[in-house]
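Q: Hi, could you walk me through the charged pairs in this one? I have the model open and would like to check a few spots.

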Amino acid sequence: MTSTYLPDKRSGPDAGAPPPAAKAARGRGRRRTRHWLTAVAFQVPALVLFGVLVLLPMLFALYASFFRWGGFGMPEDYIGVDNFTRLLDDPVFLGDLWRCLLLVVFSLVVQLPFALALAVALNQRIRGRAVYRMLFFAPYILSEAITGVLFAMIFAPDQGLADHVLGTVGLDGLGGEWFADPSTVMATLFLVMTWKYFGFHMMLYLAGLQSIPAELTEAALIDGAGPWQRFRHVTLPLLAPTLRISVFLSVIGSVQLFDLVWVTTAGGPDHHSETMAVTMFQYGFKRYQVGYASAISVAMFVISLVFALAYQRFVLRRDLEGATTTLRGGGS
């Protein structure tokens with residue numbers, strides 16, 4: 001019987017060393033661990049700030065909403081859900097909901113179409129369009145406080161710039177008390193909001209328009225499509241993701257509107273321009289009913305959260321699925 005001798009390939013100085021595949025796997029594992037620790041190290045400061053400045057105040061507001069509390073010391077007078085049931089009977093808060101809905105409708109029907117029309121116009125080859133873009137976007141750069149003070153002076157009854165201009169052109173009858181009149185305060189406030197925020201939405205639409213391939217518009221032009229047909233069948237569908245984001249931001253902004261209203265009207269006259277955020281501030285920092293103000297803040301959060309989840313589920317679903325598919329395809 002003969003035997004064949006097969007020499008050990010790992011005999012010699014490297015006899016006890018792991019195979020190359022195992023060494024490569026260990027190296028990959030160490031690199032993954034190092035990358036994971038690096039990512040955690042960069043995220044921890046942001047997570048700590050988010051927890052301290054956002055998450056903890058939110059949880060404490062929810063906790064305080066179950067107490068009758070004036071804001072001094074710790075909450076002790078537990079009243080359960082009485083603050084929330086009070087919201088349903090509070091005519092001011094119910095009016096806030098109606099005014100919020102009114103601002104949302106005005107924004108969707110007037111402000112956003114106006115911004116879209118300007119964006120389409122400024123996307124054309126016209127002389128000085130960069131200057132026009134800068135001028136139209138400039139109001140958004142101003143702070144809400146400056147904007148509020150400016151328009152409080154412009155719409156001052158009898159002595160403001162608006163009444164003076166109307167009187168100069170013989171339209172004295174159109175002038176009025178503006179912010180001081182319950183019948184005109186919301187329209188005047190919405191005019192200020194439109195002036196302040198339309199430039200932001202205009203720039204969003206301009207960015208979306210410039211991302212549309214010019215070849216598609218040229219192909220539609222060759223096929224004989226007119227300006228409205230090109231806008232309706234080419235521009236508008238491709239701009240839809242930007243429009244959906246713009247609508248979302250507009251609605252959330254209307255729900256949380258505070259500083260512009262506070263500086264111009266402080267919610268007056270007689271609560272006719274008050275928003276939920278202004279009511280919350282009035283009760284929390286003017287009347288020292290912090291428990292009830294916390295309940296209003298929780299209600300605002302729930303309204304915003306429900307809208308955001310529903311909007312994401314039913315409106316942004318296609319956009320989010322497309323983004324996920326793109327990310328997966330790019331990583332493979």
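A: Happy to! A salt bridge here is a side-chain nitrogen of Lys or Arg within 4 Å of a carboxyl oxygen of Asp or Glu. Keep in mind that this is a predicted model.

Q: How many salt bridges does that rule give?

A: The count comes to three salt bridges.

Q: OK, what does R68 pair with?

A: R68 forms a salt bridge with D77, and their closest N and O atoms are 2.9 Å apart.

Q: And is R68 buried or exposed?

A: R68 counts as exposed, because its relative accessibility is 54%.

Q: Now R99 and D96: how do their side chains meet?

A: They meet in a salt bridge, 2.8 Å from N to O. R99 and D96 sit three residues apart in helix α3 (residues 91-122), so about one helical turn separates them. R99 is buried, and D96 is too.

Q: What about K196 and E144?

A: Their side chains form a salt bridge as well, at 3.8 Å from N to O. This pair links distant parts of the chain, with K196 in helix α7 (residues 185-210) and E144 in helix α5 (residues 144-154), 52 residues apart. Both K196 and E144 are buried.

Q: Changing topic: where is T279?

A: T279 lies in helix α11 (residues 276-286). It counts as buried because its relative accessibility is 0%.

Q: Which residue's side chain does T279 reach with a polar contact?

A: That would be E274, with a polar contact of 2.7 Å between the two side chains. Leaving aside neighbours within four places in sequence, T279 is in contact with V92, D96, E274 and I296.

Definitions and conventions
Residues are numbered from 1 along each chain as its sequence is written. This is a predicted model: local features need pLDDT of at least 70, side-chain atom pairs count only at pLDDT 80 or more; totals for chains, interfaces and linings use all residues. Side-chain values use heavy atoms; hydrogens and water are left out. Helices (H or I, at least four residues) and strands (E, at least two) are DSSP runs, numbered from the N terminus. Buried means under 20% relative accessible area, exposed over 50%, partly exposed in between (1.4 Å probe, protein chains only). A polar contact is a pair of N or O atoms within 3.5 Å; within protein, one must be able to donate a hydrogen and the other to accept it, and residues adjacent in sequence count only if both atoms are side-chain atoms. Contact means heavy atoms within 4.5 Å.
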